[in-house]
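Welcome! Here is a short briefing to read alongside the sequence and the 3D view.

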Amino acid sequence: MSNKENPYIPHMAKVEDTWYETHGERAIKTFRVVFEDEEVKESWEHLPGQCAMIGVLGVGESMISISSSPTEGKFLRFSVMRMGKVTQALHQLEPGDSMTVRGPYGNNFPLEEWKGKKILTIGGGIGQAPLRPIVEYVRANINDYQDLTVIYGARTTNDLCFKQELEDLRECQEVSSCHLSIDIEEEGWSHFVGFVPTLLMEVNPSPENTIAITCGPPIMIKFVLENLKKLGFEDEQIYTTLENRMKCGIGKCGRCNAGPLYVCKDGPVFNYATLKQVPEAFA
Ligand SMILES: Cc1cc2nc3c(=O)[nH]c(=O)nc-3n(C[C@H](O)[C@H](O)[C@H](O)COP(=O)(O)OP(=O)(O)OC[C@H]3O[C@@H](n4cnc5c(N)ncnc54)[C@H](O)[C@@H]3O)c2cc1C
Ligand code: FES
């Protein structure tokens, strides 16, 4: 049965490749997986911003952003931070092993609506995982967009996700500019030193015909939103994605709510004009 007929059925997916983005207690490991069933592989459809429940049989499942764009091919990428039982079990998987994948879940970034606009992504830490598919999607369809600017930072060079890819983006002709930062000075680092919201002000993007999408630690998002407002962005031009803890993933248990919003059902992608009405969203 394809995922379109019933997105709640888990499918086996083989790990084709895997590598660590970061190391340490909360290491982040990326998995590139392919569905074992040819019919599921061919019929699977998702859009940037959507998530999937991925898991290890006999252990459990976790909601994880799909960090690849459908424009990249018939595979999925997930970048998983080691947190607890399920993510530890996922980190044990190596090429040739299998995981379960069900979905896709949640809404997507309205990239069709954004055609003709300038796209600005502002990410911090593992928050780049849901932004990466936007970057890849826009790069693949660059003639539909006015331009693409990427701003990304992490605490230290060891905490940067997709480091080589982002370095390569700086040379890539579809990307107008890619700005990287770390919080504290390090030997050999030639990019910005400071917090992501400060880098945003340095880059000083024009709000004219621009959509800004941000994801990262709540404190970063708070100051990025403040700075976007200072730069003249209207609420409607700003999007983010929330990662509230989820249980059922289908709007039944009430676990993921932020005020009246259910992140699993109404999100995870939200326009700031909506989120502004819900102070709990940034708690
Ligand atoms: C829409 C969505 C997208 C997500 N995308 C990603 C992603 O791309 N990569 C990724 O690594 N993680 C992502 N997460 C978070 C991921 O689902 C959890 O880290 C994971 O389920 C933890 O499972 P566990 O059994 O390993 O840990 P648990 O034993 O369940 O938890 C271990 C610790 O992590 C904390 N924790 C668990 N879930 C969350 C959460 N959602 N937010 C904050 N703290 C949490 C717990 O409070 C606890 O302290 C996403 C979550 C949602 C809802
Ligand atoms: S996870 Fe159960 S209502 Fe959202």
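The notes below go through a ligand site, a sheet and one residue.

This is a predicted model. In it, 20 residues surround ligand 1, and an open sheet is built from six strands with antiparallel pairing.

**Around ligand 1**
- At least two shell residues come from each of strand E4 (60-65), strand E5 (76-81) and helix H2 (85-91).
- Strand E4 gives the most to this shell, namely four residues.
- Sorted by class, the shell around ligand 1 holds eleven nonpolar, six polar and three charged residues.

**The six-stranded sheet**
- Going across the sheet, the strands follow the order E4-E3-E6-E1-E2-E5.
- E4 and E5 are at the edges with a single partner strand each, so one side of each has no neighbour in the sheet.
- On average, neighbouring strands of this sheet are turned by 40° against each other, direction ignored.
- Within the sheet, E1 (residues 11-22) and E6 (residues 98-105) pair in the antiparallel sense over four bridges.
- His11 has Val101 as its bridge partner in E6.

**Thr121 and its surroundings**
- Thr121 counts as buried because it has 25 C-beta neighbours inside 10 Å, where 20 or more are enough for that label.
- Apart from neighbours within four places in sequence, Thr121 is in contact with Leu131, Ile134, Val135, Val150, Ile151 and Ile213.
- Thr149 lies 28 residues from Thr121 in sequence, with 6.4 Å between their C-alpha atoms.

Terms used:
Residues are numbered from 1 along each chain as its sequence is written. Chains are lettered from A and ligands numbered from 1 in the order in which they are written. This is a predicted model: local features need pLDDT of at least 70, side-chain atom pairs count only at pLDDT 80 or more; totals for chains, interfaces and linings use all residues. A residue is near a molecule or strand if its C-beta atom, placed from the backbone, lies within 6 Å of it. Ala, Val, Leu, Ile, Met, Phe, Trp, Tyr, Cys and Pro count as nonpolar, Asp, Glu, Lys and Arg as charged, and the others, Gly among them, as polar. Two strands pair if DSSP finds at least two bridges between them. Axes are lines fitted to C-alpha atoms, for helices over the stretch in contact, and angles run from 0 to 180 degrees between N-to-C directions. A residue is buried if 20 or more other C-beta atoms lie within 10 Å of its own, exposed if 12 or fewer, and partly exposed in between; C-beta atoms are placed from the backbone. Two residues are in contact if their C-beta atoms, placed from the backbone, lie within 7 Å.
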